[in-house]
Amino acid sequence: MSQTSQTSEFPSAPEDDSVEDLCKKTLKSRIFLGEFREKRLVPELNSYRDVIVVSARTEAAIANDLDIVHDKLVDLHAGGDVQWIGLTRNTGQRVKGLESVSVWTELDSFHTFGTYWFQIKTIRFRSNEILLKLKVLRSVDDVVPQQDSQELPFKWEDIDWPVVEQLGRHIYTWTAQQARSVVTSLLSIRISMVQVVSYIKMFIFLAITAVVSLFHVTRAIGEFGLRFITESRRCIHTLMPLFLGIIDFFTKIVGGFYMLIAMVWRDSINLRGRNNLQALPAPSRRWRPQFTPPRRINY
């Protein structure tokens, strides 16, 4: 049985143990079902706390222990120390003489409002607060995954061979009875010579009809094939000039486009050459020495 289903009693504290140790021994690692109802501001602490309501209807044992711990802590700090205790009673909710208890705590992570399974990790005694540290185990709405059934290995020893043999006998007996009944019904039919002749005539008529039909079908398929080939040849012969004309038309368009590009490129080259010639300065005249033939000296 779980801890929540058992009716626990608050143990008597030894004289040498403090109330803090007694509270930890009583509540630590306890699992209970609680409802995360709201998140409220505590003016004394100037901080928010998560409110977990422990119902006395479903968790009577833990609610009783929390109530006793609350009374012990109130009596302990009733003197001069002013500490905020994270346990309160809900006086409006009383079941069988017990009141539901609200636990004001700080959850480790974000959780939506709802019913969860909680576990008390420890009790922290701070300078201005006494806090129960809780751990969220899982939500009540979570579906427990079902374990897949393991397939048992096949063993020949597990087969009930007498049953299989009996089943085979029943199948053999039923098959023999059906075959016997079919043979008996065939032998009971009276066949006359007139019926045999009519059956032979009908068979010959069906065979001749099938052969003639096959001949006509083959002839029709052959004629259709020859006509299709002839018409295809005529169509190709008629459309070939048109196809060649279309190809020639697109060839001329592409050739004219390339000729246009070549002419534009040539004009741009010629214009650039003329501009370069105009930009060059005129050549300067240099002094050239005149060649004078040597004079002859007559002696």
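Let's start with a lysine side chain. In this predicted model, the side chain of Lys 133 reaches the backbone oxygen of Glu 106, at 3.1 Å. Where does Lys 133 sit? Its place is strand β7, which covers residues 129–139. Is Lys 133 buried or exposed? Lys 133 is buried, because its relative accessible area is 8%, and the cut-off for buried is under 20%.

Let me step back to the whole chain. The protein chain has 299 residues, and 18% of them count as buried. How many helices and strands are there? There are 4 helices and 7 strands. Reading from the N terminus, the order is α-β-β-α-β-β-β-β-β-α-α. Next, the contacts along the chain. Take the contacts between residues at least 6 apart in sequence: 61% of those join residues at least 24 apart.

A word on confidence. The mean pLDDT of the protein chain is 78. Residues at 70 or more make up 74% of the chain. Now look at the start of the chain. Over residues 1–16, pLDDT stays under 50. For that stretch the model has 24 contacts beyond four places in sequence.

On to the helices. Helix α1 is residues 19–27, and helix α2 is residues 60–76. How do α1 and α2 pack? Their axes are 11 Å apart, at an angle of about 170°. That angle makes α1 roughly antiparallel to α2, because the cut-off for that term is over 145 degrees.

Which residues make the contact? From α1 come Val 19, Glu 20, Cys 23 and Leu 27. From α2 come Ile 62, Asp 65, Leu 66, Val 69, Lys 72, Leu 73 and Leu 76. By class, the contact has 8 nonpolar residues, 3 charged and no polar.

Let me pick out two of these residues. Take Leu 73, in helix α2. Leu 73 counts as buried, because its relative accessibility is 1%. Set aside its neighbours within four places in sequence, and Leu 73 is in contact with Val 19, Cys 23, Ile 85, Phe 125 and Ile 130. Val 19 and Cys 23 are on the α1 side of the helix contact. Now compare positions in sequence and in space. Leu 73 and Leu 87 are 14 residues apart in sequence. From C-alpha to C-alpha, Leu 73 and Leu 87 are 9.7 Å apart.

The other one is Glu 20, in helix α1. Is Glu 20 buried, exposed or partly exposed? Glu 20 counts as partly exposed, because its relative accessibility is 25%. Beyond four places in sequence, Glu 20 touches Leu 76 and Phe 125. Glu 20 and Lys 72 are 52 residues apart in sequence. In space, C-alpha to C-alpha, Glu 20 and Lys 72 are 9.4 Å apart.

Last topic: backbone angles in two loops. Ser 29 has a phi near 70°. That is a positive value, in a residue other than glycine. Where is Ser 29? Ser 29 lies in the loop between α1 and β1, and that strand is 31–42. Ser 29 is partly exposed, with a relative accessible area of 35%.

Asn 46 has a positive phi too, about 55°, and is not a glycine. Asn 46 is found in the loop between β1 and β2, with β2 at 47–54. Asn 46 is exposed, because its relative accessible area is 67%, and the cut-off for exposed is over 50%.

To close, back to the opening contact: look for the side chain of Lys 133 and the backbone oxygen of Glu 106. Thanks, everyone.

Terms used: Residues are numbered from 1 along each chain as its sequence is written. This is a predicted model: local features need pLDDT of at least 70, side-chain atom pairs count only at pLDDT 80 or more; totals for chains, interfaces and linings use all residues. Side-chain values use heavy atoms; hydrogens and water are left out. Buried means under 20% relative accessible area, exposed over 50%, partly exposed in between (1.4 Å probe, protein chains only). A polar contact is a pair of N or O atoms within 3.5 Å; within protein, one must be able to donate a hydrogen and the other to accept it, and residues adjacent in sequence count only if both atoms are side-chain atoms. Axes are lines fitted to C-alpha atoms, for helices over the stretch in contact, and angles run from 0 to 180 degrees between N-to-C directions. Angles under 35 degrees count as roughly parallel, over 145 as roughly antiparallel, 65 to 115 as roughly perpendicular and the rest as oblique. Contact means heavy atoms within 4.5 Å. Ala, Val, Leu, Ile, Met, Phe, Trp, Tyr, Cys and Pro count as nonpolar, Asp, Glu, Lys and Arg as charged, and the others, Gly among them, as polar. pLDDT is the predictor's confidence in each residue, from 0 to 100.
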